[in-house]
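Me: I would like to learn how to read a few features of a model like this one, going from an annotated stretch to a sheet and then to single residues. Could you take me through them one at a time?

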Amino acid sequence: MSIEFDNNMPIYLQIMNYIKRQIVTGTLKPGDKILSVRELAAELQINPNTIQRTFQELEREEIVETRRGLGRYVTSEESKIMEIKKEMAGALLDQFINGMKELGFANQDIVSIVAEAVTQSPELGQERGVNPT
Amino acid sequence: MMKLLKYDFKRNGAKLLGVAVVLILAQLSIMLLINNITLITVFSMLAYMIAGVILFITPIRTYSYNLKAYHRKLLPVHSLKTIISPIAMGFICLLILGLIMLIHGYVYLTVYENTRIFDIIKMYPMDTIMSLLSACWIMINMLITIFLAITIATSIRSKGSFWIGIVVFFIIVNGLSWIENLFFGESQWGIFQIFSDESNSAVDGIVTNVNYNPSSLTGGMIGSFIFELVCSVAFLYIMVKLIDRKVEA
Amino acid sequence: MSSLLQMNGITKSYGSKTALNDVSLEIGPGKIVGLLGSNGSGKSTLMKMVTGLLQPTRGTLTVAGLPVGLKSKALVSFMPDRPLTESWMKVRDAITFFQDFYDDFDIVKAREMLQFMKINESDRVSVLSKGMNERLQLTLALSRDAKLYLLDEPIGGVDPVARGKILDAIVEYYNEDSSIIISTHLVRDIERIFDEVVFIREGEIVMHEEVENLRIKYGKSVDDMFKEVYAE
């Protein structure tokens, strides 16, 4: 496990995103136990309180649940995981669209460019998990 | 306290062992290589004196090191123990040296059938014991006074604090000896006289005392002793306060 | 729970020179606090005052509600800028020394940490390299179950490998009820393990902020803030 942190941004947000990405990509599966605060802190060389905060936020978003005395687990609710995917896709799209607009493309152009790119490399589309089940 | 003492000994372990080895070798070579009895006595005493001086300086150096050492100052240990530990170390070392010297002397005198000293001791047993006790007391007192001067010098952060310490030492010694004289007259027992009167070293003091007037425990002596005791306790108190409030590492 | 460290209007001066000027600081439990400042800014002076090696000229200071003294010394574990060991000692003796004097010394933790740090118990302290020696000093300081740990430049003079090890150890071995104050001028390598940072410049505290808040508020890393504060 490795992650490059950007010290200019709150670390807890970066770890949240990191864990969400692991869930989305399937490295962490629904119902999996996740590392303890201490383990993760030691592994990432991060302040344990920051990890604690990360977990609290993830719990608030109901992505992670605490089972008393057992530890923390990834939620088993598929809908939650879908939500993360949508959220992450949304963030990616925003970034992409903004970038394209900066380059001077109109909305219509962007749509056609994307359509073209997806049809030209269908395996790319699958890889990214564009078609949800 | 015992724990501090253990580490004071451990730090000086190599040195103390060295002194012991050199002393034994010196005594052996003196015995084997020299024929003249007078010379043997002189050299043998000289070797003991040198060892004694080293053993006397060791606790002083240890104390002054401990005062500034982070790992000692950080310990949750009462400052009084910081003072007493090196004194105890010096006392134990010198006591052992003294015992070795006595045994050596006894064997030596028996071999050469020179029993005049034994006769003196038998005549004045009380005085002999008092002399030995006073020697111990003198030593402890000297260490306390020297420690006080070191503590005061260390409390002062300016340059030349070393010289201030020396000056303080002589002021204390001479001042107290003056007071002691004033109250208790010319007693041979006062340790501060021994310090201030250059013609009279501690060793001389003991030797003189052996042949001293057998009237034993005079009022002056007891008064003098109590005065010194009170002074020592006051010194210890001042040192503890200084260590807690003023001595900085 | 009340604060572990409370400093009110602490001033330390040597003659006309002022090392700390009217410093007030409060540290709660369970925090890793970075005490950041360039050399000579007063970081060490502050730490030495908390541990009783120096006396404040003015102001009050309490550790877990206690004035600095025998009781507070039993609660504070300090890794100063010079070794806590003596040259005659082997690593084993240094461990025993700590065990002899500190009731809260955890020998199991110490052994584990020595292993983690790859330090040999039978080595003489005087032959250890600078990096190894710093690891040993850290082991000694962190093997106590203290309330407040003060580490003065723990990654100052060591190579990146040792630095990683030391950071690992700090995160791994500190306990959650206590707090650690770490002084450093090498901010970049270590800023991710801090909860809070205290910027100290010319004997005065110029900023005391939660690290994540600082990132949110200024959109900058602690390192960048540090450079900004000390730029003049």
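Me: Which residues of chain A does UniProt list for "domain: HTH gntR-type"?

Reply: The model is a predicted one, and the UniProt record, an unreviewed entry, lists residues 9-77 of chain A under that name. Over this stretch the chain is 51% helix and 12% strand, with the end C-alpha atoms 30 Å apart.

Me: What is the order of the strands in the open sheet of chain C?

Reply: In general, the strands of a sheet pair through backbone hydrogen bonds, either parallel or antiparallel. Here four strands follow the order β2-β1-β4-β5 in chain C, with antiparallel pairing. Because β2 and β5 (66-67) of chain C each have a single partner strand, they stand at the edges, and one side of each is left without a neighbour in the sheet. Helix α1 (residues 43-50) of chain C packs on this sheet, where it touches β1, β2 and β4 of chain C, and its direction makes about 120 degrees with that of β1(C).

Me: How many bridges join strand β1 of chain C to strand β4 of chain C?

Reply: Five bridges join β1 (residues 5-14) to the antiparallel β4 (residues 58-63) in chain C; for Q6(C), the bridge partner in β4(C) is T62(C).

Me: Is D22(C) buried or exposed?

Reply: D22(C), which is found in strand β2 (residues 17-27) of chain C, is exposed, with a relative accessible area of 53%. Although D22(C) is not a glycine, its phi is positive, at about 50 degrees. E153(C), also not a glycine, has a positive phi of about 50 degrees, but E153(C) lies in the loop between β7 (148-152) and α6 (160-173) of chain C and counts as buried at 15% relative accessibility.

Conventions: Residues are numbered from 1 along each chain as its sequence is written. Chains are lettered from A and ligands numbered from 1 in the order in which they are written. This is a predicted model: local features need pLDDT of at least 70, side-chain atom pairs count only at pLDDT 80 or more; totals for chains, interfaces and linings use all residues. Side-chain values use heavy atoms; hydrogens and water are left out. Helices (H or I, at least four residues) and strands (E, at least two) are DSSP runs, numbered from the N terminus. Buried means under 20% relative accessible area, exposed over 50%, partly exposed in between (1.4 Å probe, protein chains only). UniProt positions are given in the numbering used here, feature names are shortened, and annotations may be inferred rather than shown by experiment. Two strands pair if DSSP finds at least two bridges between them. Contact means heavy atoms within 4.5 Å. Axes are lines fitted to C-alpha atoms, for helices over the stretch in contact, and angles run from 0 to 180 degrees between N-to-C directions.
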